[in-house]
Every structure is written in structure tokens, then in C-alpha cells.
Amino acid sequence: DGGLSPLQVWHRARNAVEEFACSASWDFGLVRPASSSWIPPPPGVFKVNVDGASSEQEGSSSVGVVIRDSNGQVVAALCLPLQSYFSAELSKVFALEQGVLFAQELQLPRIIVESDALAVIQAVNDKATGSIYGHLIQGILQVCESFESCHFKHLSRSFNSVAHELAQHARRTGNCQIWKGVAPPFILSFLQSDMQPDICS
């Protein structure tokens, strides 16, 4: 009673398959996982690499964010110490949150967000708002609606060294720092190492 007719069900199913095909072709065509090094995004897209750092011994946590363009040039970077100690995984969720907020503040239209935390990336891609960090994931997804496109991707820790070093710097200094249009001097060597092919692959 009041349900959909077989024809309506068919049309909805076909539309869903077409939408999936469109999104999947973009996802795998333009956001192919880097197999041997950090890869710049396509023209017009910005890549946001994030990482979190935690030290139970020191009772501190922090996040690092670096945003690069299609030429691999640093557009902006962020070091942010968190207010208290959080688990490594939760710190990486906060890093993802700060990454999308930073990109939104810079009014970037299209972004790819990368993290070496596979479980966190999967949770966001699965829209796992019922999980233990569900409220944070929901907030991240809401911010993403402000972009023309926003994709989340896992990458090897070997090629996330810039964001990692920014997070460690924030934890060591305890200072919040932002750079726009220039790369922090202490990450220059890490920028080069991210781009080096992995000799093991």
C-alpha cells in the first residue's frame, strides 16, 4: 500500500547505478592511490595531507596539515597543538577535521584529503556517523558539502612525512603556527622525500 511500482523501482535502481558509475570513474581516474610516491593532484584540485601526533608520556597531542597544488607547491601549512592528550587514532580524526576546515577557510573549490590512518579514512568514506567518533565524522562531512568536490584517500605513511613532521613540530613547540603561500623551512627536505619513488615498490 502506497509503495513504489515496479517501474519506479527500476528507474531508481538504474539512476543509482548510473550515479555510482559516474562517481567511481572520477574516483579511480583522478584519485588513484599513490603506489610509489606522493602524487600531485589534477589541475584545479588541491591535495590536503594531514596527520596527528600523540605522546602519552608527555600528555600531549597535535595535528599537522599541508595543502599543495597540482604542481606540488605548498599553498598553506598548519601546526596545531591540541588542548590535551588524545589517542593516536582520535588525533588523526582531529587532523582530518582541521584539514577540511583549513581548506574551507582558504576557499579552495576542489580537494583531495589524504591521511595514513586507513581506519579513519574508511570511516569517513563509509559515513560511519554511528561510530565512536561519529559526531566528528558528521562534522567533517558537513564541512565537505561546502566544496565543489571533496574526496578522502588513504596513503602510505612513507609519503605523508610532511604532515607528520608538522604535527611533531606542533607537539614539540606547543605553538599554533600557520603559513600561507610559503613552505615552513623545516619541512623542505620532507617535501622532497615525499616525492621520491619508493625503491621497494
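1. Among the contacts in the chain (contact meaning heavy atoms within 4.5 Å) that have a separation of 6 or more, 73% are accounted for by residues 24 or more positions apart. The model is a predicted one, in which local features need pLDDT of at least 70 and side-chain atom pairs count only at pLDDT 80 or more, while totals for chains, interfaces and linings use all residues. Residues are numbered from 1 along each chain as its sequence is written, and side-chain values use heavy atoms, with hydrogens and water left out.

2. The chain holds 6 helices and 6 strands, which are DSSP runs numbered from the N terminus (helices H or I, at least four residues; strands E, at least two). Read from the N terminus, these elements follow the order α-β-β-β-α-β-α-α-β-α-β-α.

3. Of the 201 residues in the chain, 45% count as buried, that is, under 20% relative accessible area with a 1.4 Å probe and protein chains only.

4. Helix H5, residues 161-173, reaches 18 Å from its first C-alpha to its last, close to the 18 Å expected for its 13 residues at 1.5 Å a residue, where the expected span is 1.5 Å times one less than the number of residues. After H5 comes Gly 174, whose phi is positive, near 70 degrees.

5. H5 is mostly covered, with 10 of its 13 residues buried, including Val 162, Leu 166, His 169 and Arg 171. The buried residues of H5 pack against strands E1 (46-55), E2 (60-68), E3 (74-81) and E6 (177-180), and against helix H6 (188-195).

Terms used: Buried means under 20% relative accessible area, exposed over 50%, partly exposed in between (1.4 Å probe, protein chains only).
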